[in-house]
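Please keep the structure in view while reading.

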Amino acid sequence: MNQIGDQYAANQADLFISDLHLCASRPHITKAFLTFLNSTAKEARALYLLGDVFEYWAGDDDLVSHQDVVDGLRDLADSDVAVYLMHGNRDFLIGDAFCTAAKLKLLPDPCVIDLHGVRTLISHGDALCSDDLDYQAFRLKVRDKNWQTAFLQRSLTERKEQIAAMRARSELEKSHKASGIMDINPQTLNQLLRDHDYPERVIHGHTHRPMQHDLSLDGHAITRWVLADWYEQGSYLTSDAGGCHYQPIGQT
Ligand code: MN
């Protein structure tokens with residue numbers, strides 16, 4: 001392909017990432033993300049952040065703790081790349097102030113987008129892990145608007161303490177859970193696909209099990225792409241007119 005052709009293809013690519021789990025204790029991941037925003041992502045048509053960008057999010061009044069990430073995202077949006085964010089199970093308290101400061105658009109989970117004519121359902125993926133009943137009960141509680149309003153009324157220090165306690169409990173519980181419980185439930189996925197009129201493609205994160213799955217449901221061929229985390233694995237998914245493929249971080 002000639003140089004003009006290459007540029008055309010690159011400008012048409014949509015990039016998907018999730019589960020970066022950015023936090024102060026892993027500065028190299030934040031650095032890798034800022035480099036990604038300032039290089040690979042700048043060549044894209046759009047960047048989709050499908051949840052758990054941050055290890056936790058205590059509220060938008062803590063935005064200054066992640067000013068470098070906010071600046072990097074805003075700079076990308078100013079370079080005419082559309083940036084979209086979906087909540088994950090760790091950063092579901094990201095609100096309007098963050099989205100405005102970072103110049104990105106918050107998407108509902110799930111939603112269906114058109115990628116070069118391919119109907120693609122995107123989701124963080126935690127709602128699909130329906131075998132984990134404890135987690136689903138927790139999710140129902142913390143996604144409730146009243147719970148969130150009450151939580152956000154506490155001081156930032158109190159919220160961070162409570163989040164630290166919840167994370168410690170979750171890590172402990174996870175160590176006792178069978179690994180299958182923490183993967184998606186196929187029936188729950190199938191129902192979601194039927195409810196959305198059989199999209200041709202699904203992209204989600206959360207499980208940290210990057211893989212392409214080809215499935216057939218009620219006579220429909222559907223491809224499911226699972227995104228990688230960034231602190232143990234590290235890749236992004238790129239979608240263009242030719243389809244989807246994984247790319248290691250740091251390569252284009
Ligand atoms: Mn997650």
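Two strands are said to pair if DSSP finds at least two bridges between them, and strands (E, at least two residues) and helices (H or I, at least four residues) are DSSP runs numbered from the N terminus. This is a predicted model, in which local features need pLDDT of at least 70 and side-chain atom pairs count only at pLDDT 80 or more, while totals for chains, interfaces and linings use all residues. Residues are numbered from 1 along each chain as its sequence is written, and side-chain values use heavy atoms, with hydrogens and water left out.

**Overall fold.** The secondary structure of the protein chain comes to eight helices and eleven strands. Its radius of gyration, taken over C-alpha atoms, is 18 Å, close to the 18 Å that the globule rule gives for 252 residues, so the chain is as compact as a globular protein of that length; the rule itself is 2.2 Å times the number of residues to the power 0.38. Buried residues make up 48% of the 252 residues, where buried means under 20% relative accessible area, exposed over 50% and partly exposed in between, with a 1.4 Å probe and protein chains only. With contact meaning heavy atoms within 4.5 Å, 67% of the contacts between residues at least 6 apart in sequence join residues at least 24 apart.

**Strand pairing.** An open sheet of six strands with mixed pairing runs in the order β4-β3-β2-β1-β10-β11, and its edge strands, β4 (105–107) and β11 (243–248), each pair on one side only. Elsewhere, β6 (residues 118–123) has five of its six residues buried, so this strand is largely enclosed by the rest of the structure. Strands β5 and β6 form a hairpin with two residues between them, and His116 in the turn has a positive phi of about 50°. Within β6, Thr120 is the bridge partner of Ile113 and also stands opposite Arg201 in β7.

| Strands | Sense | Bridges |
|---|---|---|
| β10 (residues 235–240) and β11 | antiparallel | six bridges |
| β5 (residues 111–115) and β6 | antiparallel | five bridges |
| β6 and β7 (residues 201–204) | parallel | four bridges |

**Manganese site.** The manganese ion is coordinated by Asp52 (OD), Asn89 (OD1), His124 (NE2) and His206 (ND1), at 2.1 to 2.3 Å. His124 lies in the loop between β6 and α5 (133–142) and His206 in the loop between β7 and β8 (211–217), so this pair ties together parts that are 82 residues apart in sequence. Donors here are N, O and S atoms within 2.8 Å of the metal (3.2 Å for Na, K and Ca), and because water is not among the atoms, sites may look incomplete. His124 counts as buried at 0% relative accessibility, and His206 likewise counts as buried, at 17%.

**Backbone geometry.** Most residues other than glycine have a negative phi, and most peptide bonds are trans. His208, found in the loop between β7 and β8, has a positive phi of about 60° although it is not a glycine, and it is buried, with a relative accessible area of 19%. Asp218, in the loop between β8 and β9 (220–226), has a positive phi of about 50° and counts as partly exposed at 45% relative accessibility.
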